Amino acid sequence: MIHIAHISDIHFGQKFSEATWQAVVACVADFDPHIIVVSGDLVDDPSPEHLLAAKGALDALLQRTRTGSNTRWRGNGRNAELFVVPGNHDVFESGIAMGIPRLPWFERIFFGGDTTSAEQALKTKLGTTALDFGPQPLGLPAGMRPEDAGWLRRAWARTTALFGGRAIMPWDQADDFARLLPAAAPMPMVRVARSAPILLALFDSNGPGGDLGFATGTVDNDVLLTLPAKLQQAKENYVARVAIVHHHVLPIAFAPNGNKKTGEPMMVFRNAGALLRILANHQFDLVLHGHWHKAQFARIDFGDDSSDGYPMAVVSAGSAAMATPDNTNHNSINLIRVAPTGQIEVKSVFYGAGQSPRPDGTAGADYRVYKEPLAAAKRRAHVRARERHPIECEEREQSCEITENGDLWLTHRIKGLRVQGDIGRYEKRPLIMYLPTYGHFVHDTLMPAPETAKAGFAIVPAPDYPRSARNDQQRDYYWLKFPGGGISKGDKPLAYEFSHGCANCMMMTQWEAVERLERGTRKQHPPGFDDEWVATRVTFPARTLILKVRFPKSLADVQPYVECRRPPRYPNYDIDEWGDAKLDGDDGAVDAPSGLEIDSGTLQEEAPALSYDARSQTWKLVIDHPLVGYQYSLRWQVPGEPEDVTIAGNTREWHRTLLNLGERIDDGETTDDDREAIRQFGLLIQTLEKELRLGRASRDEKWTIALLVHDAAQLVLRPVLSRRSGPRREQLPRSFSIPYGDGVSGAAFQQRRTIAWSHRGVISDPQGVAQSLITPVPYPPTEDGDEAVHVLALPVYHTGTEDARRPPPWATIGVVTVDSSSYASSIKDMDDKQRLLLRALAQAQMDNIIRAVRGERDEADGSTSCGAADRPLS
């Protein structure tokens, strides 16, 4: 959040209150601004004494603010900057142009250069060690307030101020300090703040004088003509562009009583319309001014929603330090906050008549807050983004469908893609697929929609994409090639659609969240650990963003909410050669997704844009003018499933027991109980060989049967018992593992059902259930190099839970797998009944294996509970 303190109309002179000024200094320092703006009328009369005192007082304010900020932030303060423009009282006696030229003292003191010598000479003349808003520069004794001086002393002080500005008094040689001032220099018009991403334009609205302008204002037309070139030299990206001028660019909305005259004809800004038009043309966000001593906030827009108008805030401040004996609301300053989105909030703080500024006091009495709608800030940000990016689109949509399997299907639609900048022939654009942490991206599902393919679009791998050669484990890169060799500026806009799927990537139960967090060790559960989400990132300007998500029945009761995240250095980002914001931290631009920070203010205002359509059972978020660089998400808490503490505890214990069995087998330290467990697994192998006719459908068939058990510490399945066909009866290496969510691990934990695969994909999806994207993880190759073309996964569970329609994940022991290298394998021909029978046999023998390794025997004869000796189950 950028802080700007806006002060105006200090009027150091005979109506000035030093006590009020010191209260303002304390208020500004406590606000800890990045920028302090003073919009003119620092003094009542433009004598060099008064202006040097004003410079010293503002330097003291700046130093106090910086010191306080460094203390607050432990040496890393905001290093505030000061920006000043002249008011009519700073260049004309009494602020009135009466046909004589303006005085040059303001330009000599504030823009001419080093004034140290003149300041020292003035200190010597006044007999003081510091120049500030004290009584001595006003010609009064130290410690005397202007209102306490006699009329004769005040009259002499005023006369000296009036005539001292036009000509140095010949009888007062001490005025030699003025001769030491540097020559006048023009006020820099365009300034770039170092402390915050703000561009400032400073305007002198006083004119050259020489006419009867009274207190009216005007900005020279030549100055307005040079503004575009000076803005062009400032290449940086800014959160906001701020214009500073003294005279009011809009009428001040207050109504005098009856016949009371306001003096407006003698105070108007004569070419305010021209200035406002030029500021709007160059996308200025905020105009700060003073002059009328009235606080006001207004928004103007020279366009409309349909034509992407550019709303501009106009803010005025009252007098900062004039003495006000009877009005506690006469004085005011503005404390301005600018969000990274460009959204502007102005707090006008009122005080006077003995009351200090109280920005945390009572709303309405002590301050008023004006906060512009987020929609206005987003429209401005959209216009600025269009200036920077060579491409844009009318609408961008991402539709997400989550299946009961935990798979995610995504469809991307772009409407009205056009080239509107200097990028040449736009032939293709990159498609960057972020790979899920769990599960996997299914490459074969990435394809254009039929109408898109028919129009000539094509999706191909992008090995030549600059970042694709980095062995990136988080992304895959593709090109979307446009028909007809691409489009150029002025061509008809394009529309396209493509889709893809990710297998087992969505967290469906709270158990999954706990397992991912704890990894076998009990830990404190932080807020949001069991949240799941879908999101889209905005990389180029779009008028509308649509994000949809459709849940399966098991998630029908979840309530998603909106989340908006931005890069830490937003809106500073580079743009690549395809017109996209670089959002990859490896490129030195915006941080990668893990580094995004939540924008709580934006998400609160965007939350109402989320709706639910009962007919399609779809949640829909619609964002107008989405912010480029932002990530918009729909998040929800995954449902919790009541856990049977006894069963869950037993299951975790059995995991450890079986994994330890595998380690003892590797170490050659098996016990009698271990060998009995191995024998029971051998009986299971015999049963599966018989039922699946392994080795009979094809003489060359190679097969593997394995029991894989959940390793919570690593979130993988590991082989404990296994056998491969052939005379050597090889086992799978214990180092082999299947990541959580992949292959048969997905069958065991996410889908929790028996699954059979062929080389073409899943062949056992039940009717009415979404097609599963799960694919088996290949086992390490054998010496013969044969690969499995059919795989059968038989999940096994804690006794008593295996008959549930979907057994709970916390009761999952692991999975028994069978793979075959034969295209004629009977796995492909099995029906649901046959698969369920095999699962029941695997489950029964799993119980025997666990009892054996734990040393449990039937009391009658010491045999295992299945009653089998050396024959397969039936």
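**View 1. What covers the buried side of helix 1.** In this predicted model, the cover over the buried residues of helix 1 includes strand 1 (2-7), strand 2 (35-39), helix 2 (48-72), strand 10 (331-338) and strand 11 (344-351). Covering is judged by contact, meaning heavy atoms within 4.5 Å. Helices (H or I, at least four residues) and strands (E, at least two) are DSSP runs, numbered from the N terminus. Among the buried residues of helix 1 are W21, V24, V25, V28 and F31; buried means under 20% relative accessible area, exposed over 50%, and partly exposed in between (1.4 Å probe, protein chains only).

Residues are numbered from 1 along each chain as its sequence is written. Local features need pLDDT of at least 70, side-chain atom pairs count only at pLDDT 80 or more, totals for chains, interfaces and linings use all residues, and side-chain values use heavy atoms, with hydrogens and water left out.

**View 2. Helix 1 from end to end.** The 14 residues of helix 1 (residues 18-31) should span 20 Å at 1.5 Å a residue, and the end C-alpha atoms are 20 Å apart, which agrees. The expected span is 1.5 Å times one less than the number of residues. Just after the helix, D32 takes a positive phi of about 55°.

View 3. Two strands pair if DSSP finds at least two bridges between them; strand 22 (residues 561-566) and strand 26 (residues 631-637) are joined by 5. Look for V562, which stands opposite L634 in strand 26.

**View 4. The largest cavity.** The whole structure holds 4 cavities of 30 Å³ or more, and the largest has a volume of about 120 Å³. Of its 13 lining residues, A381, A385, Y570, P571 and Y573 are the closest to its centre. On a 1 Å grid over the protein atoms alone, a cavity is a set of points where a 1.4 Å probe fits but cannot get out, and lining residues have an atom within 4 Å of a point. Grid points are joined across faces, edges and corners, and a volume is the space filled by probe spheres set on the points.

**View 5. The second largest cavity.** Here the volume is about 60 Å³. The lining includes W511, E515, R652, H655 and W810. Helix 13 gives the largest share of this lining, 4 residues.

Terms used:
1 Å grid on protein atoms, 1.4 Å probe; cavity = no way out; pocket = protein on both sides within 12 Å on 5 of 7 lines; lining within 4 Å.
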